[in-house]
Amino acid sequence: MTTAPAQPSSTTPPAGPTFYVTTAIPYVNGDPHLGHALELVQTDVLARHARLRGRPTRFLTGTDDHALKNVSAARAVDREVGEFVAERVEDFRALRPALSLSTDDFLSTSSDPRHRPGVEALWRRCAEAGDFYRRSYEGLYCAGCEQFYSPDELDASGRCPEHVPPPERVVEENWFFRLSRYADRVREEITSGRVRINPPAKRNEVLAFVDAGLEDFSVSRPATRSDGWGVPVPGDPSQVVYVWWDALTNYVTALGYGSDPADPGAAADYRTWWSGGDERVHVIGKGITRFHAVYWLALLLSAGEPLPTTIHVHDYVTAGGAKLAKSAGTAVHPVGLVDAYGTDALRWWFAREVPLLGDAEFTTERLVARHDDELAHGVGNLVNRTLTLVHRFRGGVAPTLPRSRATGPDELGSAVGQVAPAVDAALADADLRTATGAVRRVVDAANRYVEAEKPWELAARERAGDADTAEAAAHLDEVLARLVEACRVVAVELSPFVPDGAARLREQLGGPAGGGQEAGTDRVGTPVPVFPRLG
């Protein structure tokens with residue numbers, strides 16, 4: 001099966017600073033689990049937010065098809081590897097609608113015609129730099145990580161930090177990359193801030209790894225070990241490119257890198273989003289930090305290509321205190337959760353429960369509690385009561401409020417005025433919890449505003465027909481207008497996090513955030529629960 005680019009190439013440069021954001025690409029030896037969904041949603045939030053702020057954005061994900069564990073999984077069920085992988089790729093592709101992802105591109109490393117030429121081109125560039133040599137090697141190999149470990153990196157029982165089966169001792173002759181040659185340059189790129197590793201604790205871990213001394217590492221394996229499954233090493237068909245080299249290159253092969261053998265970086269998309277782009281951002285799990293923050297940087301330096309600008313590292317979702325993993329029997333299928341509780345609930349749990357640093361324990365009880373407390377009761381109740389008041393006292397037409405009056409010095413005005421810059425600052429660090437906290441402050445302030453202003457009492461004074469009528473009517477108009485404005489701002493700022501629910505909110509709330517309609521034309525919809533309670 002051939003997968004064409006989801007976003008067509010264009011020779012017209014986008015207007016504004018570009019934002020290219022990618023996930024790591026998962027192996028397809030088993031079903032997608034909640035950890036995959038976490039990274040996809042986190043990256044989708046960053047992409048949607050960038051688009052919301054008017055930035056040209058491209059969001060890439062895909063699958064890592066050439067892993068040895070994919071070969072082993074196919075053998076275990078007596079399937080031809082290519083057919084098995086192609087079928088499993090579709091399970092990961094199906095996460096897009098289930099999680100309401102806004103991906104622009106999806107690259108399957110085994111079937112996408114863009115990939116192999118780019119892998120070969122990058123290999124040749126590094127070979128021209130003199131950074132390969134071939135030698136025999138003996139080491140401890142963890143099939144789960146697809147990684148060699150030194151004995152001091154294993155735990156007391158001789159296992160890797162993340163997988164139960166002990167590493168196997170492997171003896172083979174492979175091509176090695178001269179990583180040691182690039183230690184100083186990698187360190188300089190990180191310490192200078194040209195490559196930002198976030199959060200800072202992860203940056204410190206990477207620098208400690210570099211300072212401990214970088215050893216050259218294997219970048220190929222014998223083709224016989226994987227039944228020839230993989231990209232053959234250029235000029236040496238007895239070897240296939242090691243899975244991590246193959247996988248890392250997807251970030252540039254999806255942009256057409258290598259499509260022109262004479263000039264690997266000539267493709268328009270590559271020039272737009274990578275070599276001439278403004279931000280090149282990777283979102284990855286902590287278990288693969290060294291591959292992205294050290295090995296990938298060194299490969300690009302060797303090839304003379306630009307580096308990523310930011311690497312956001314997240315920790316894990318756990319269940320019963322253990323990392324979610326197929327091999328450990330702790331996987332939770334995200335599509336099943338969406339079927340039971342809805343996309344909004346799952347995306348909101350990721351945004352509110354997963355910290356910037358540290359693992360997050362998942363339970364369905366926590367998912368339901370977050371949804372019901374903050375979306376159903378918090379946001380939903382605010383919008384419902386606001387629209388009910390507008391229909392009851394103004395016939396469904398929101399009074400007009402000058403923009404300057406929406407962000408006054410009181411608590412509500414301050415929360416409305418500060419929410420966008422607060423979200424921007426938090427998402428620059430991929431801190432979804434802090435960003436959604438800023439939106440929650442608007443909701444809480446608006447609910448307190450209703451209780452403080454008591455619009456039902458203002459309406460009673462307006463109907464009294466005495467000298468206070470005009471003042472009460474004007475005050476009621478201001479209260480209702482500010483509430484509608486606050487709700488519209490909430491709907492807009494929620495859209496990167498819960499795009500489906502935010503769209504339903506905007507439909508009920510009518511006009512764009514900020515108003516601007518002429519008096520008598522700003523009609524709002526009938527209040528219907530946007531986030532029905534789950535528990």
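Mentor: This is a predicted model, in which local features need pLDDT of at least 70 and side-chain atom pairs count only at pLDDT 80 or more, while totals for chains, interfaces and linings use all residues. Residues are numbered from 1 along each chain as its sequence is written, and side-chain values use heavy atoms, without hydrogens and water.

A disulfide is a covalent bond between the sulfur atoms of two cysteines. With a disulfide taken as a pair of cysteine sulfur atoms within 2.5 Å, the count is zero. Cysteine 126 has a relative accessible area of 0% and is therefore buried; the term buried means under 20% relative accessible area, exposed means over 50%, and partly exposed lies in between (1.4 Å probe, protein chains only). Cysteine 487 is also buried, because its relative accessibility is 1%.

Of the contacts (heavy atoms within 4.5 Å) with a separation of 6 or more, 77% join residues 24 or more positions apart.

Confidence is given by pLDDT, the predictor's value for each residue from 0 to 100. Its mean over the protein chain is 90, and 88% of the residues reach 70 or more. Over residues 513-520, however, pLDDT is below 50, and this stretch has 16 contacts in the model beyond near neighbours in sequence.
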